[in-house]
Protein chains: 2
Amino acid sequence: MPSAPRGPASSRRPTMAEVAAKAGVSRTLVSFILDGKPGASEETRQRVLAIAKEVGYRPDAAARLLALGRSRTLGVLTDVRQLFQAELVTGIYPAAEQLGYEVLLTTNLSDRPESVPIDALISHRCGSLILLAPTSGHDYLIKLAAEVPVVVVGPRLPAEVLGAGVDLASVRTDDARGIGDAVDYLVTLGHKDILHVDGGDGSGSPERRRGYREAMSAHGLEERIDIIAGDHTEEAGAAAARELLARPGLPTAVLASNDRSALGLLDVLTRSGVDIPGELSLVGFDDTRLSDFPRIDLTTVHQDAPGLAQHAVRLAVELLERRCSGPKEVVLRSQLVIRGTSGPPPATVRR
Amino acid sequence: MPSAPRGPASSRRPTMAEVAAKAGVSRTLVSFILDGKPGASEETRQRVLAIAKEVGYRPDAAARLLALGRSRTLGVLTDVRQLFQAELVTGIYPAAEQLGYEVLLTTNLSDRPESVPIDALISHRCGSLILLAPTSGHDYLIKLAAEVPVVVVGPRLPAEVLGAGVDLASVRTDDARGIGDAVDYLVTLGHKDILHVDGGDGSGSPERRRGYREAMSAHGLEERIDIIAGDHTEEAGAAAARELLARPGLPTAVLASNDRSALGLLDVLTRSGVDIPGELSLVGFDDTRLSDFPRIDLTTVHQDAPGLAQHAVRLAVELLERRCSGPKEVVLRSQLVIRGTSGPPPATVRR
DNA sequence: CTGAAAGCGCTTACAG
DNA sequence: CTGAAAGCGCTTACAG
């Protein structure tokens, strides 16, 4: 026996061959039966199934992958610290399961490049990759997609990237329109001094910034355009709030680039005695909600997480199975959800 | 060629054999070189490494696993909706990497049994499993641990489960003592009417409930013991708050079983005009914090997430490598973190 | 320093 | 309905 001595694991873990031996049939037949293929008598089927269950047989994914050459596994890169992504992940599982695919997860960590978890996914033979709000550059994405199909969820990809001739697709929310809806709503209420705390280069942030500018201009408010630089964290929102409070006057409305930033704003402003929405209206983006708890009752732009997840899975599978017919970019509509942090501007505007 | 035609993937993905052919050496040597083993001249080493890089060679984890018989991969079951678990996951990666292990993640979903994601982990040949706050019964855990080493992070496992003779270990916080510290602190401030909103059968909840009872008794406050049933969600905290508000009088302090529950309490109580901490002190558990943002400035019992993660990984690896010498239960101390939601009881106690 | 060879556990044409 | 056989890409004694 030229190979190394095996650990107790292999003796502990029953193989297909053992099931076959116990059942007195060939390995081929066991494979067919477990795969649900025809070709075995009903009686044999039952016996083999019973034995497999009895010995606790579990298919070895590694061997299966190796034999198949390609896996029915979708690799998902997420950031476990982002609650909105948790909602996407929650939607990805059932969508994948329905198409007969498994899902493997890895997470981004702040102290290592995104390519590390992505490499792990590829090494484990994920057939295609779903990247949630990736931060890598476009060159990297194109190189990656030349190797394995990639679906990017969140940020907008320029046409030249999507059209680079590789297996790269994009699923996202119509961020610009979502912010535009929020601006329209605030303007209708009578707001004019609407400020935007942006999300830096966070997923969707450039689009949201653009949507804000365009909507303000469309309402003839271009000279009221006012942007504080931020990112998609509570801390950035809190910092923006401090900056606002240091100014001579407050805007009547603030549009945060995401809910986390809005939370930071809400926290600092509320503590400083700013009445929300009486004195200032606050609107977030994402509608992050994993429980049914209304949390802070934030007016926000709702993203269709289950829809995004479903399309991402569909595209990932189509790309993998080489039958991607439709467009490689899916843009879902958002929906403004009006809750308790927004209302008409105060009668006496401070400016 | 009896096997099925391969998809474009295999032709696209370079193998070790291709690298060997290009370099004009044997596959064995390539394997040795990529593995960092001695046995090749420096010149050959460099050439092979260069070629591997040039053709974009990536090791095939499936084949590697199959050949090795055992994987250097740790499977982690988490719940992507639980922020505290995200902190554990964040700590698990670097700890595993340091020991030369990879990490594979799956998530619990509310609509399917925990055994589904666990089976996926096993199928992908994870050498051992780290289960974050699992909800499965003890019988299941014992059965599972007979098959593959299991480390449970969070809930306390009874001695008879840990001593069942299978590869099962536990890492947790001293929940009872943590709550006890919080009770001591509140009593020192002058509180007597200290109520506990428990966490049902959430991870650590039974211990926290016990700790509350014991600490209250130790202070001679057994007749003030008052528990509202809940779970580890904001919604449960909010429900408890509503129940409290419907009572004739409020306690002077509330101990929530975790931070999410405390958030729900805080939200509803604050909205109802209850002054926190002036009128009522609120204490959470976990110290969930992924950003540096103080969020709601909650007084809480801090859990050492990096420490829990590190011990979990260490045990998982020791169990896997059959050199588990030390105890199979690690209990880490918690630390009370006093912030803005707690203070002395109001001068005029409502009762 | 290097190569031929067996084996990991599975799948799937192919031939009964 | 069933079996013998090759192959997926890797690792590792063993023999030069």
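The following legends describe close-up views of a predicted model.

**View 1. The open sheet of chain A.** In chain A, six strands are arranged as an open sheet with mixed pairing, in the order S7-S6-S8-S9-S10-S12. Strand S7 (227-228) and strand S12 (335-337) of chain A lie at the edges; each has a single partner strand, so one side of each is left without a neighbour in the sheet. Within this sheet, strand S9 (residues 281-286) and strand S10 (residues 299-302) of chain A run parallel and are joined by four bridges. Phe285(A) is placed opposite Val301(A) of S10(A).

**View 2**

**View 3. The open sheet of chain B.** Six strands of chain B form an open sheet of mixed pairing, ordered S7-S6-S8-S9-S10-S12. Its edge strands are strand S7 (227-228) and strand S12 (335-337) of chain B, each of which pairs on one side only. Strand S6 (residues 194-197) and strand S8 (residues 253-256) of chain B run parallel, with four bridges between them. Leu195(B) has Val254(B) of S8(B) as its bridge partner. Helix H13 (residues 259-271) of chain B packs on this sheet, touching S6, S8, strand S9 (281-286) and strand S10 (299-302) of chain B. The direction of this helix makes about 155° with that of S9(B).

**View 4. The interface of chain A and chain B.** Chain A and chain B each bring 61 residues to the contact. The area buried between the two chains is about 5,400 Å², and carbon and sulfur atoms give 55% of that area. Six salt bridges are counted between chain A and chain B, and 13 residue pairs are in polar contact across the interface. On the side of chain A that touches chain B, at least two residues each come from helix H1 (8-12), helix H5 (61-68), helix H6 (83-98), strand S2 (102-107), helix H7 (115-123), helix H12 (234-245) and H13 of chain A. The residues of that side comprise 30 nonpolar, eight polar and 23 charged.

**View 5. A salt bridge between the chains.** Side chains of opposite charge can pair when their charged atoms come close. Over all chains, the whole structure holds 48 salt bridges. Arg125(B) forms a salt bridge with Asp60(A), with the closest N and O atoms 2.4 Å apart. This pair crosses between chains: Arg125(B) is in the loop between helix H7 (115-123) and strand S3 (128-132) of chain B, while Asp60(A) is in the loop between helix H4 (42-55) and H5 of chain A.

View 6. Most residues other than glycine have a negative phi, and most peptide bonds are trans. The peptide bond from Ile276(A) to Pro277(A) is cis, with omega near 10°; Pro277(A) is located in the loop between H13 and S9 of chain A. In chain B, Ile276(B) and Pro277(B) are joined by a cis peptide bond with omega of about 15°, and Pro277(B) belongs to the loop between H13 and S9 of chain B. Arg125(A), a residue other than glycine, has a positive phi near 65°. Arg125(A) is found in the loop between H7 and strand S3 (128-132) of chain A.

Notes: Residues are numbered from 1 along each chain as its sequence is written. Chains are lettered from A and ligands numbered from 1 in the order in which they are written. This is a predicted model: local features need pLDDT of at least 70, side-chain atom pairs count only at pLDDT 80 or more; totals for chains, interfaces and linings use all residues. Side-chain values use heavy atoms; hydrogens and water are left out. Two strands pair if DSSP finds at least two bridges between them. Contact means heavy atoms within 4.5 Å. Buried area is the accessible area (1.4 Å probe) that two parts lose on being put together, summed over both. A salt bridge is a side-chain nitrogen of Lys or Arg within 4 Å of a carboxyl oxygen of Asp or Glu. A polar contact is a pair of N or O atoms within 3.5 Å; within protein, one must be able to donate a hydrogen and the other to accept it, and residues adjacent in sequence count only if both atoms are side-chain atoms. Ala, Val, Leu, Ile, Met, Phe, Trp, Tyr, Cys and Pro count as nonpolar, Asp, Glu, Lys and Arg as charged, and the others, Gly among them, as polar. Axes are lines fitted to C-alpha atoms, for helices over the stretch in contact, and angles run from 0 to 180 degrees between N-to-C directions.
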